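Trainee: I have a new structure to learn from, and I would like to go through it step by step. Could you help me read it?

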Amino acid sequence: MPKVNGVGYSESTMNKQFVLKKILEKHLYAVDYIFRSKTGYFYRKNYLYIDATCGNGSYKCDIKSNQNKIIKGSPLIFLDTLKKVINMIGYTDCYFIDKNITSLEELKKQIYICLSDKVKIIEGDYSLKIPSIIENHHNYFGLIYFDPNGIVDLDFIIELSKQKNMKKIDILFNYNGTAFKRKKTMLKLDERFIDYFKEIKKLNWYISEPSGKWQWSFLFGTNTTKIRLPKSYGFHNVTSHNGKLILRKLNYTKDEFRSYLPSQKKLTNLKWWEENH
Ligand SMILES: C[S@@+](CC[C@H](N)C(=O)[O-])C[C@H]1O[C@@H](n2cnc3c(N)ncnc32)[C@H](O)[C@@H]1O
């Protein structure tokens with residue numbers, strides 16, 4: 001995958017950004033609805049959005065049919081969506097984080113007009129920056145988005161999900177199934193995605209069909225039943241038949257998947273999870 005300042009694009013980038021836009025719309029409209037409903041009357045109306053790996057704001061796409069086409073990066077997609085859900089603008093605090101300073105400088109040029117006390121760009125490793133942001137946002141609804149080039153830091157997401165202020169803040173991450181399995185095989189590690197996934201403290205999960213040879217898949221975790229990601233965006237609840245099938249695909253290598261036998265001892269961690277969901 002070609003990269004500019006650590007931001008990689010591939011043929012599936014367009015689809016990724018299309019699906020992200022749909023998820024962000026769904027999330028912002030759902031929270032807006034909650035705020036305007038009777039029950040919303042009792043909530044403090046505050047929304048926190050963190051893009052943990054925001055990149056430089058655009059992808060310059062020179063692959064085959066899309067010569068020189070510019071695709072908007074996730075920060076711009078979020079800000080565009082927020083402008084549409086106009087009621088939410090005043091309630092929203094937004095953080096764009098990246099460890100690559102050059103990317104952030106490019107991003108700043110594109111969104112300087114939006115920067116304020118409520119829209120901040122932060123340089124650094126997300127695992128060091130996010131905990132204190134969450135600590136300072138008590139009683140917020142929100143969403144944190146992780147989209148690294150390689151494997152997302154699952155240990156960090158597990159710990160984050162346990163933080164007190166995370167109850168109404170949902171988690172969305174783009175997961176690279178193939179990279180995880182390759183690392184596991186190369187280092188002969190006895191660990192699987194499901195071992196991490198089941199430790200993340202969110203009650204409802206939606207998963208998207210894995211895309212391409214890297215098996216990129218979105219996972220969205222929330223504690224509410226009010227935000228559902230539909231099949232029309234390629235999502236399945238992880239407790240559904242298709243959702244479980246996708247989890248298996250992400251969890252096992254092709255060989256393991258072919259020889260999957262429920263009685264196999266090694267696979268019992270997933271079997272346990274399936275039986276309990
Ligand atoms: C695929 S790009 C993100 C693209 C962005 N989500 C978009 O759609 O425009 C991955 C970015 O994650 C950043 N990154 C990777 N690991 C990080 C970490 N631990 N903390 C902060 N940024 C990180 C890289 O610098 C890179 O800019």
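Predicted model: local features only at pLDDT ≥ 70, side-chain atom pairs only at ≥ 80, totals over all residues.

Trainee: Thanks! How many helices and strands does the protein have?

Mentor: The chain has 277 residues, and buried ones make up 33% of them. Its secondary structure consists of 10 helices and 12 strands.

Trainee: How far apart are the end C-alpha atoms of helix 1?

Mentor: Helix 1 covers residues 13–36. With 24 residues at 1.5 Å a residue, helix 1 should span 34 Å. The model agrees with this, because the end C-alpha atoms are apart by 34 Å.

Trainee: Which residues of helix 1 are buried?

Mentor: A helix has 3.6 residues a turn, so residues three or four places apart point the same way. Keep that in mind as you read the list. What covers the buried residues of helix 1 includes strand 3, helix 2, strand 8, strand 9 and strand 11. The buried residues themselves are Lys16, Leu20, Ile23, Leu24, His27, Leu28 and Val31.

Trainee: And helix 2, what do its buried residues pack against?

Mentor: Helix 2 runs over residues 74–84, and its buried residues are Ser74, Pro75, Ile77, Phe78, Leu79 and Thr81. They pack against helix 1, strand 3, strand 5, strand 6, helix 3 and strand 8.

Trainee: Is isoleucine 144 buried or exposed?

Mentor: Isoleucine 144 is found in strand 8. It touches Ile50, Ala52, Ile130, Ile169 and Ile171, leaving aside residues up to four places away in sequence. A residue needs 20 or more other C-beta atoms within 10 Å to count as buried. Isoleucine 144 has 24 C-beta neighbours inside 10 Å, so it counts as buried.

Trainee: How far apart in space are isoleucine 144 and isoleucine 50?

Mentor: Along the sequence, 94 residues separate isoleucine 144 from isoleucine 50. From C-alpha to C-alpha, however, isoleucine 144 and isoleucine 50 are apart by 4.7 Å.

Trainee: What is the phi of asparagine 139?

Mentor: Most residues other than glycine have a negative phi. Asparagine 139 sits in the loop between helix 4 and strand 8, and it counts as exposed because it has 11 C-beta neighbours inside 10 Å. Its phi is positive, near 65 degrees.

Trainee: Where is lysine 188?

Mentor: Lysine 188 is not a glycine, yet it has a positive phi of about 50 degrees. It is exposed, with 6 other C-beta atoms within 10 Å. Its place is in the loop between helix 6 and helix 7.

Trainee: Last one: which residues come nearest to the ligand?

Mentor: The shell around the ligand divides into 5 nonpolar, 9 polar and 4 charged residues. Of the 18 residues around the ligand, those that come nearest are Thr53, Gly55, Gly73, Ser74 and Asp147.

Notes:
Residues numbered from 1 in each chain as written. Near = placed C-beta within 6 Å. Nonpolar A, V, L, I, M, F, W, Y, C, P; charged D, E, K, R; others polar. Buried ≥ 20, exposed ≤ 12 C-beta atoms within 10 Å, placed from the backbone. Helix = DSSP H or I, 4+ residues; strand = E, 2+ residues; numbered from the N terminus. Contact = placed C-beta atoms within 7 Å. Expected span 1.5 Å × (residues − 1).
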